[in-house]
Amino acid sequence: MAVTMGSGSTLAFAAAGAVLVLLVLGYALHPLWRARPRLGIGLAASLALATAALYLGLGTPRALKPEQRRAPQTLAEAVTQLEAELQRDPNQIEGWRLLASAYTAQGMAVQARDAYARALKLAPDNPDLLAEAAEARALATRERRFDEEAMRMLEHALEQQPMHQRARWFLGIAQRQGERPADAAKTWEPLLAVVQPGTAAGLLEQINGARKDAGLEPLSPPAPAADASAAGPGLKVRVELAPALKAKLPAGASVFVLARQDGGPPMPVAVEKHPAGSFPLEVTLDDGDSPMPTMKLSQLPKVQVLARVSASGNAIPQKGDLASAPQTVATGGADTVVVTIDRVVE
């Protein structure tokens with residue numbers, strides 16, 4: 001959802017504009033995705049500090065008061081302020097969702113699960129929230145498993161929206177974990193009709209693995225599309241490095257180039273990892289770069305594009321990484337998007 005802000009709101013947003021990227025799904029999906037890392041390791045971008053700060057700075061009438069405009073300076077401070085705001089007014093669905101995201105960023109899986117549960121009490125039929133809450137329950141367990149309550153949430157989400165892709169994907173994982181491979185394959189198979197060919201190949205591999213375990217014949221690969229453009233548009237990105245940071249470029253570092261939804265759920269829809277050697281680096285992000293089979297670049301009219309250099313090669317941002325500011329661009333444009341890595345992550 002696009003939001004138009006005035007100059008005061010823009011300044012508040014800029015003050016809160018730090019971006020944290022968090023790997024959230026890998027543990028929950030690891031049992032199924034070991035054989036398919038590209039399909040299985042989801043890079044989940046936590047709203048954490050940035051969105052909690054935005055919520056506190058702009059999201060409530062109290063933000064109109066000057067004393068309420070100071071953005072949190074740390075994640076812990078953002079969490080504390082958001083907790084206080086929810087104690088004052090607990091009937092804020094998005095507030096609980098943001099708090100759950102911040103808890104996840106802090107590794108507080110149980111607290112994140114409970115915060116999602118509070119949000120779900122306020123919107124028990126919201127399929128997006130049901131899928132998020134079910135995922136949080138899985139992440140809060142030692143084995144990263146979807147329990148019976150999480151499965152009920154996912155089933156209810158599909159009652160509300162039968163082709164909710166994330167809920168359908170998670171339900172299949174839960175069924176696979178519960179040694180119900182035939183059910184998992186049946187749950188996943190409808191997704192083949194809505195994902196792009198590059199993603200469908202990896203998804204079909206998982207479906208046929210489940211079918212094999214169930215003693216069923218494998219499905220045949222779908223016929224290739226006659227029109228190559230059916231794979232979805234590509235987004236050309238040129239990544240530049242500010243001259244002042246050349247001396248700080250770590251040896252053997254990696255650069256992540258990603259696109260994420262603009263104003264929507266915080267999960268990247270496309271991501272590529274390259275050696276951080278010579279700059280500028282030119283890449284094309286497309287549907288084949290999706291870290292999950294339920295999200296694709298071609299579905300979105302616009303996205304945020306950014307890049308980050310990691311000395312460790314880790315997808316999770318760390319202090320000392322080099323990063324660019326996010327740029328919002330239209331996905332259908334033919335022009336190359338230029339992002340400049342010009343800051344050090346504090």
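## Basis and overall composition

The model is predicted, so local features require pLDDT of at least 70 and side-chain atom pairs pLDDT 80 or more, whereas totals for chains, interfaces and linings use all residues. Residues are numbered from 1 along each chain as its sequence is written, and side-chain values use heavy atoms, with hydrogens and water left out.

The chain contains twelve helices and eight strands; helices (H or I, at least four residues) and strands (E, at least two) are DSSP runs numbered from the N terminus. Of its 346 residues, 46% are buried, meaning under 20% relative accessible area with a 1.4 Å probe and protein chains only, where over 50% is exposed and values in between are partly exposed. Contact means heavy atoms within 4.5 Å; among contacts between residues at least 6 apart in sequence, 60% join residues at least 24 apart.

## H8 against H9

The axes of H8 (residues 127-139) and H9 (residues 148-160) come within 8 Å and cross at roughly 165 degrees. H8 is therefore roughly antiparallel to H9. Axes are lines fitted to C-alpha atoms, for helices over the stretch in contact, and angles run from 0 to 180 degrees between N-to-C directions. Angles under 35 degrees count as roughly parallel, over 145 as roughly antiparallel, 65 to 115 as roughly perpendicular and the rest as oblique.

H8 contributes Pro127, Leu130, Ala131, Ala133, Ala134 and Arg137 to the contact, and H9 contributes Glu149, Ala150, Met153, Leu154, His156, Ala157 and Gln160. By class, these comprise nine nonpolar, two polar and two charged residues. Ala, Val, Leu, Ile, Met, Phe, Trp, Tyr, Cys and Pro count as nonpolar, Asp, Glu, Lys and Arg as charged, and the others, Gly among them, as polar.

## H8 against H10

H8 and H10 pack at an angle of about 30 degrees, with axes 9 Å apart, and are therefore roughly parallel. Ala131, Glu132 and Glu135 of H8 meet Arg166, Ala167 and Phe170 of H10. This contact has three nonpolar, no polar and three charged residues.

## The Phe146–Phe170 pair

The structure holds two aromatic pairs. Rings of Phe, Tyr and Trp (its six-membered ring) pair if their centres lie within 6.5 Å; planes under 30 degrees apart count as stacked, over 60 as edge-to-face and the rest as tilted. The ring centres of Phe146 and Phe170 are 5.6 Å apart and their planes stand at 35 degrees, so this pair is tilted.

Phe146 lies in the loop between H8 and H9 and Phe170 in H10 (residues 165-177), so the pair ties together parts 24 residues apart in sequence. Phe146 is buried, at 6% relative accessible area, and Phe170 is buried at 0%.
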